[in-house]
Amino acid sequence: MQQLADRLIDHGFLSGLPRELGYVLVVAFFAFLMLSFIMTVAGVTSWLERRVWARIQSRVGPNRVGPQGALQWLADGVKNIMKEDIVPLAADAPLFKGAPYLAMMGFFGAFAVVPFTENMIVADINIGVLYVSAVTALVVVGILMAGWSSNNKWALLGGIRSAAQIISYEIPAALAILTIVLFTGTLSMQGIIREQGWAPWNWFLFDNPFTFVAFFLFFISALAEGNRTPFDLPEAESELVAGAFTEYSGLRSLLFFLVEWGNLYLIGAICTSLFLGGWQVPHFTENGFVLGLVQFLTFFLKAYFMVFVAMWIRATLPRVRVDQLMTLCWKYLVPVAFANMICAALYFAILPHGSIFVRLGMFAFGLGLLVHFLNRVLFHLRRAKPELHFSPIV
Amino acid sequence: MGYFDNIRESVRTIFEGMAITASHMVRKPYTIQYPDRVDVRVQDTLPFRYRGLLDVDLEICTGCLACERACPIDCIVIDAEKDKNTREMVLKRFDIDLAKCMFCGLCSEPCPTGSIHHTPEFEGADYSLESLIRRFVKAPVVAYKPIKGPETNPEIAPLLARGLRYLDEFASPGDAS
Amino acid sequence: MSTAIDIDLHREGPGGLETEEMTLNMGPQHPSTHGVLRFVVKADGEVMRRAIPDIGYLHRSIEKIAEKVGYHGFMPYTDRVDYVSAMQCNQGWAMACEKLAGIEVPRRGEYCRVIACEFGRIASHLISVGATSMDIGAITPFTHAIREREYINDILEELCGARLTFNYMRIGGCAWDLPPGFARRAIAYLDRFEPLIDEYNELISFNKIYVERLANVAPVSRERAIAWNLVGPNLRGSGVPYDVRRDVPYSAYPDFEFDVPFGTGERGTLGDCYDRYMVRMREMKESCRILRQAIEGIPPGPVVAKVPRTFKPAAGAVYTRVEGSRGDMGWFVVSDGTAFPARVHIRTGSFAAMAAIEELSQGLMIADLVAVIASLDIVAPEVDR
């Protein structure tokens, strides 16, 4: 984007402005574009989540507002904005009002390094992945502020639990990322994607068994960082109130929820870049625009598939209790992540360029898992007898 | 070793659970999207014994007050007195307070003709409490006197048939089925 | 409605640090199906010291109403004593009145009662296991359980005309006989339902996270369960194989062959939440067994005995017990010879379970309190009547 900004300032319609002001304007414009895109994606995710849950639960989900209910998220958003803005009397007002924005900054800042296509990335810094890890830690500050300033014991409990959870799960996530970085030698997101290919056996997911394990480690840790089930104790339980966000209403609570759904997309985007080959497609045309479009769609669909898997997991699994959550992190994920990284380093030392046999073998293993999964799905479908309907309506 | 057993057990059960939910995603949902996306009127699909809102067929009411006595909540108020001149029962008032009614069916059981009965109607919500007091007598009417043999009056016969069919559903002692 | 709650502030913690005990209120409004219950929780951070129950939010003076409406008129009120499984409450009241007046219910009536009660038991257990799953965090098993319960509601709607407050039984038998086609539909439902219990188990009961949440949580030993007056699946979950249907047989239950599942500490300690939960899952299968036998073997004949319109039993007192979904439900009726009972008292399993929570909750985490309430299957209408 640096080149784009320079071009606009030197020859384009921003000529005549001082260079720094030009940069600020360009960055602000792209930030606004990105914000609109991410907020839309987060909103649509909320609608899609409800539809997916509903189908899993044998019901229908929102299907009245707009075609198939696709505008439900707009209606929810408008409703939330129109609600009364309640700041509790005894709450710490500046912290209370500022907490959603901090959480928002934490998650939104990470989108500066998400590569949507080969050329469409806001800032291709050479410490991309590390930057993402660092910026998402701001969300912790936001949640702690929310919990403390609400002047509510439940909120405080929820906020502290959430903070402990997010900080603990940064470690296995970072270790999993490091496993990938071992193989690429670069922290830059575009660099990591360029090391992969468009074919599934060229993805890092199937590169060798250690990156395969790293994928699952990263996904679980990322779910925990995003406060999603099975790790959503701070927000959905805390004794049946909303946890750190209990006292929030209207627009502020909407911002927290948008952070949660947008975070899902961020997790999907990082997973895609690191493990699933990013925007890589075979070079089938010279037309840059069409190629860019296909790359964008590929990246978006891969990231959204991970979002779908997160929704599916949320509908399936129960919550983990807080002490069990900590046990899972420190006694299971961290040692496994360390062992995985050491084995990956050994593998890298022996085979610096990997081996096509290992890649194809891992791909076959993945396919085998998928076939086994579909087998189980068919078994359950066959076992459930056809639907009985006593009432003639159905 | 318990450590690896835990991991294996978690992976296995989570895999199985995800397969079950995936199988549910492709099944037909159970929801009936009432009231605007159903093909038939729901009231027409309910069983005959359904205990919906109460209705009184005043043409076959005998004024015996059995329903008023049977109701545990005293939501039925009937004014019936024997006219001194014509020696006939005259019904002056038959009010059912549906706001109090708990749809237990104890009133429809002792009715001799099935005049008070439950209908499949269940959409009774309204904005005023007054409208829930159903007043079935508009002007004083003469109560029905059951005759021996089949009823010939064409206006009353179908009502009586329906009422007796409703009462037939109730089990009676000594009734072999 | 205030309970004396002593708050020890400024406790000396380790290292000479002053700590305070938090008093939290799990208020009468809960997003779960247990009804209006309130707990005042004194917690030290995450660990609870005591959870003091506060009851009475759903008190409707049902026992007093009985003295006003008379014996026949009280039958619809018994539905409301435990509206999640209303058939067994109907049976309890009917049996108490029949014992007072010495009325014998015809054989077919007894079979109809058993069919209705066992369907009610399956429906109630479905809600219980669904609500337990939802409280632990899994949202889909609840909707699956409710979907199955809807089918049972459809079956019972054809039988008696209502879906929740059935008012199906009368003193002396049942109000309606089985409608035509009932046996075919009921058996079709049971054929569909039994494999779904296995599917439900594989989805949630054997899930490692779920087992970790419920196993070893709040174990109740045999002696404590008996001392605290727990009944039903709570008692059986602690390893005491006591079931009123088998040990104090009533109605047509001696004709049927069924097992009484009880907890063995299969995944944790004996009498923990998981044991109680699995007892309910297994009981649903046993109810299916009883239902098949009852529907197949139902004898012809009347379903109700002749009972006077104004029921005036002889003076005396009687205590009958039925196996409700939540355990041994006791019906104590005192008659003074008039058409209205002098006193009715209903002894329910949830009341004792509520009292047990105060001791059980010591040392548990707040997240476990929800699991304990759910696994003891406490419903507010039974506690408060």
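**Entry 1: chain C, inside and out**

I started with burial: 54% of the 385 residues of chain C count as buried. Here a residue is buried if 20 or more other C-beta atoms lie within 10 Å of its own, exposed if 12 or fewer, and partly exposed in between, with C-beta atoms placed from the backbone.

A note to myself on the source: this is a predicted model, where local features need pLDDT of at least 70, side-chain atom pairs count only at pLDDT 80 or more, and totals for chains, interfaces and linings use all residues. Residues are numbered from 1 along each chain as its sequence is written, while chains are lettered from A and ligands numbered from 1 in the order in which they are written.

Next I looked up the elements of chain C and found 14 helices and 10 strands. Its radius of gyration is 22 Å, close to the 21 Å that the globule rule gives for 385 residues, so chain C is as compact as a globular protein of that length. The radius is taken over C-alpha atoms, and the rule is 2.2 Å times the number of residues to the power 0.38. Helices (H or I, at least four residues) and strands (E, at least two) are DSSP runs, numbered from the N terminus.

I also noted the extent of the C-alpha trace of chain C, about 80 × 50 × 35 Å along its principal axes. Then I turned to contacts, which join two residues if their C-beta atoms, placed from the backbone, lie within 7 Å. In chain C, 70% of the contacts with a separation of 6 or more are between residues 24 or more positions apart.

**Entry 2: the sheet S8-S9-S10**

Which strands make up this open sheet of chain C, and in what order? I read three of them, in the order S8-S9-S10, with antiparallel pairing. Strands S8 (316-324) and S10 (343-347) of chain C stand at the edges with a single partner strand each, so one side of each is left without a neighbour in the sheet. From one strand to the next the twist averages 15°. Two strands count as paired if DSSP finds at least two bridges between them.

I went through the pairs in turn. S8(C) pairs with strand S9 (residues 327-335) of chain C in the antiparallel sense over 9 bridges, and the two form a hairpin with 2 residues between them. C:Gly316 has C:Ser335 in S9(C) as its bridge partner, and C:Val318 stands opposite C:Val333 in S9(C). S9(C) and S10(C) are also antiparallel, over 5 bridges; there C:Gly330 stands opposite C:Arg347 in S10(C).

I then found a helix on this sheet: helix H3 (residues 86-101) of chain C lies across S8 and S9 of chain C, running at about 150° to S8(C). For such angles, axes are lines fitted to C-alpha atoms, for helices over the stretch in contact, and angles run from 0 to 180 degrees between N-to-C directions.

**Entry 3: the sheet S3-S4-S5**

I found another open sheet of 3 strands in chain C, ordered S3-S4-S5 and antiparallel in its pairing. Its edge strands are S3 (22-26) and S5 (47-54) of chain C, each pairing on one side only. Direction ignored, neighbouring strands of this sheet are turned by 20° against each other on average. Strand S4 (residues 38-44) of chain C pairs with S5(C) in the antiparallel sense over 7 bridges, and C:Asp44 has C:Val47 in S5(C) as its bridge partner.

**Entry 4: the two domains of chain A**

I moved to chain A, where the assignment gives domain 1 (1-80) and domain 2 (83-383); such bounds come from an automatic or database domain assignment. The centres of these two domains of chain A, taken over C-alpha atoms, are 19 Å apart. Ala, Val, Leu, Ile, Met, Phe, Trp, Tyr, Cys and Pro count as nonpolar, Asp, Glu, Lys and Arg as charged, and the others, Gly among them, as polar.

**Entry 5: what touches chain C**

Last, I checked the neighbours of chain C. Chain A puts 30 residues in contact with 35 residues of chain C, and its side has 14 nonpolar, 7 polar and 9 charged residues. The contact of chain B with chain C takes 29 residues from chain B and 31 residues from chain C. Helix H1 (residues 2-25) of chain B gives the most to the chain B side, with 7 residues.
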